[in-house]
Amino acid sequence: FQAEDGIRDAQESRGLGDVYKRQTQPSAAGTFPRRRLFHLINKKPARPLLWITGPPGSGKTTLVSSYLETYGYPCLWYQLDANDGDIANFFYYMGLATKKVAPRKRQVFPLFTPEYLKDISTFTQRYFERLYDFLLNLLTDSLTRFVIAFDNYQEVPRDCLLHEVIHLGVSEVPEGIHILVMSRHDPPDLFVRMRANRSMESIGWDELKFNFNESKQMIRHRGYRGFSKDLLLKLYERTDGWAAGLVLLTEGIGATGSDSLLSRADLSDEIYRYFVGEIFNQTSQETQEFLLKTSFFKQMTVPMAEDLTGIAEAKQILTNLCLRHYFTQRHESQQAFYQYHPLFRKFLQAKSKEHFDAEAFLEVQRRAAAILEDHGQIEDAADLMVKSEDWAALVSLILKLSLIHISEPTRLLSISYAVFCL
């Protein structure tokens, strides 16, 4: 723990410009208004805390900023980072952020110094009580709600006191104050009780992602009005409503036309670099190896992933990928299965070609095909057999199918046609 020294170090490392940026609500000028989500946020005002969770580039910050501008709510904006793991830094910069909200109003917020370590909870409760009182005094008859927005919560170190501090601070929120948290990760376990007590609501990836009509409107909002419905549908299917994917796929098209866009929609250089920086490089070497190998599955169960990778902790890796919203979704069926986002899977397959030598690459494909066959995913297995030029395995597969479905000629014809079309 470093109180005053920590503050000075943070001031030097961040610089005044960075501090100002972290306490400034981003402009929403020119952004596409998410009316559906505005309505969803307004349906949950009775809950003092709203946690907005989604993968990188899903539009969390833009959503909140545009919501605040649309409704004209005053806001104390605070962008968290790793330095806030030292709670002395957090309280200091919260004080600066408060001064920025009302620079002409005199207010004094205490610094967190070492003597308060003996009773952090009391200091935190009194600090937030004073903060809330100050913000409520800024409200008028026409301004009935003050919003505190914590952005980039995922940057807070996992094992630090700040989670407890935030939890204490938002546990007793007076009427007129609303807390919005934006994060790539789900709330820490500490906040589970708030959800059980119905004092916290959440908006997740399923609600955050664009539906088809929103995707179409957003693309047209960005000036691309000549796209056919077929092209718009293909873009939507390939991005699965991911905001950054839609932007990156349409970025800089201009005079090149929609044909060029369609040809590059599988995986552009911009998306490749985005996934490298925002996701892939943020994971451990073991997880990277796991991602590269399992990208050959369109759908996978935990046993399939364990079999292909040889990693006994496959379930934990998949669970962490889901919790971190790293473009991985879990689906419930008779047996739970996992899927990567279509563009993320394309990226991983492209990355695997760079990572593995030619022989190892083919071996992973062929091993994945055999596992798919064992789990009844015949068309996907055949597809990989063709791509890896494993003709012996493909012939064997067709012969097995002919014996199994000899009494079902229609089914056999359907499977044979699917294999032929690969």
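Reader: Is His167 buried or exposed?

Author: In this predicted model, His167 is placed in helix α6, residues 162-171. Its relative accessible area is 17%, and the cut-off for burial is under 20%. His167 is therefore buried.

Reader: Which residues does His167 touch, not counting those up to four places away in sequence?

Author: The helix that holds His167 is α6. With residues up to four places away in sequence set aside, the residues that His167 touches are Leu190, Phe191 and Met194.

Reader: Does Asp380 count as buried or exposed?

Author: Asp380 belongs to helix α19. Beyond its neighbours within four places in sequence, Asp380 makes contact with Lys298 and Leu372. Its relative accessibility is 18%, and the limit for burial is under 20%. Asp380 therefore counts as buried.

Reader: Which residues lie nearest the centre of the second largest pocket?

Author: The second largest pocket holds about 750 Å³ of space. Its lining consists of 31 residues. Those nearest its centre are Lys298, Pro342, Arg345, Lys346 and Gln349.

Reader: Which element gives the most to the lining of the second largest pocket?

Author: Elements that give two or more residues to the lining of the second largest pocket are α10 (229-239), β6 (328-331), β7 (337-340), α17 (342-355), α18 (358-374) and α19 (378-387). By class, this lining has twelve nonpolar, seven polar and twelve charged residues. With seven residues, the element that gives the most is α17.

Reader: How much space lies in the largest pocket, and which residues are closest to its centre?

Author: The space in the largest pocket is about 890 Å³. Of the 36 residues in its lining, the closest to the centre are Gly57, Ser58, Gly59, Lys60 and Thr61.

Reader: Which element gives the most to the lining of the largest pocket?

Author: By class, twelve nonpolar, 15 polar and nine charged residues make up the lining of the largest pocket. With four residues, the element that gives the most to this lining is α3.

Reader: What do the buried residues of α3 pack against?

Author: Helix α3 spans residues 60-71 and reaches 17 Å from its first C-alpha to its last, close to the 16 Å expected. Its buried residues are Lys60, Leu63, Val64, Ser65, Ser66, Tyr67 and Leu68. Just after α3, Gly72 takes a positive phi of about 70°. The buried residues of α3 pack against α2 (35-42), β1 (49-53), β2 (75-79), β3 (146-151), β4 (177-183) and α8 (205-208).

Reader: Why is helix α14 described as largely enclosed by the rest of the structure?

Author: The buried residues of α14 are Thr287, Gln288, Phe290, Leu291, Leu292, Lys293 and Thr294. Their cover includes α15 (302-309), α16 (314-323), β7, α17 and α18. Helix α14 is largely enclosed because, of its ten residues, the number buried is seven.

Reader: How far apart are the C-alpha atoms of Thr113 and Ala88?

Author: Thr113 sits in the loop between α4 (87-101) and α5 (120-136). With a relative accessible area of 12%, Thr113 is buried. Along the chain, Thr113 and Ala88 are 25 residues apart. The separation of their C-alpha atoms is 7.0 Å.

Reader: What phi does Asn152 have?

Author: Most residues other than glycine have a negative phi. Asn152 lies in the loop between β3 and α6, and its relative accessibility of 22% makes it partly exposed. Although Asn152 is not a glycine, its phi is positive, at about 60°.

Reader: What is the phi of Asp240?

Author: The loop between α10 and α11 holds Asp240. Asp240 is partly exposed, at a relative accessible area of 21%. Asp240 is not a glycine, yet its phi is positive, at about 55°.

Reader: Finally, among contacts between residues at least 6 apart in sequence, what share joins residues at least 24 apart?

Author: The protein has 21 helices and seven strands. Of its 422 residues, 48% count as buried. Among contacts between residues at least 6 apart in sequence, the share that joins residues at least 24 apart is 73%.

Terms used: Residues are numbered from 1 along each chain as its sequence is written. This is a predicted model: local features need pLDDT of at least 70, side-chain atom pairs count only at pLDDT 80 or more; totals for chains, interfaces and linings use all residues. Side-chain values use heavy atoms; hydrogens and water are left out. Buried means under 20% relative accessible area, exposed over 50%, partly exposed in between (1.4 Å probe, protein chains only). Contact means heavy atoms within 4.5 Å. The expected span of a helix is 1.5 Å times one less than its number of residues. On a 1 Å grid over the protein atoms alone, a cavity is a set of points where a 1.4 Å probe fits but cannot get out, and a pocket is an open set with protein on both sides within 12 Å along at least five of seven lines; lining residues have an atom within 4 Å of a point. Grid points are joined across faces, edges and corners, and a volume is the space filled by probe spheres set on the points. Ala, Val, Leu, Ile, Met, Phe, Trp, Tyr, Cys and Pro count as nonpolar, Asp, Glu, Lys and Arg as charged, and the others, Gly among them, as polar.
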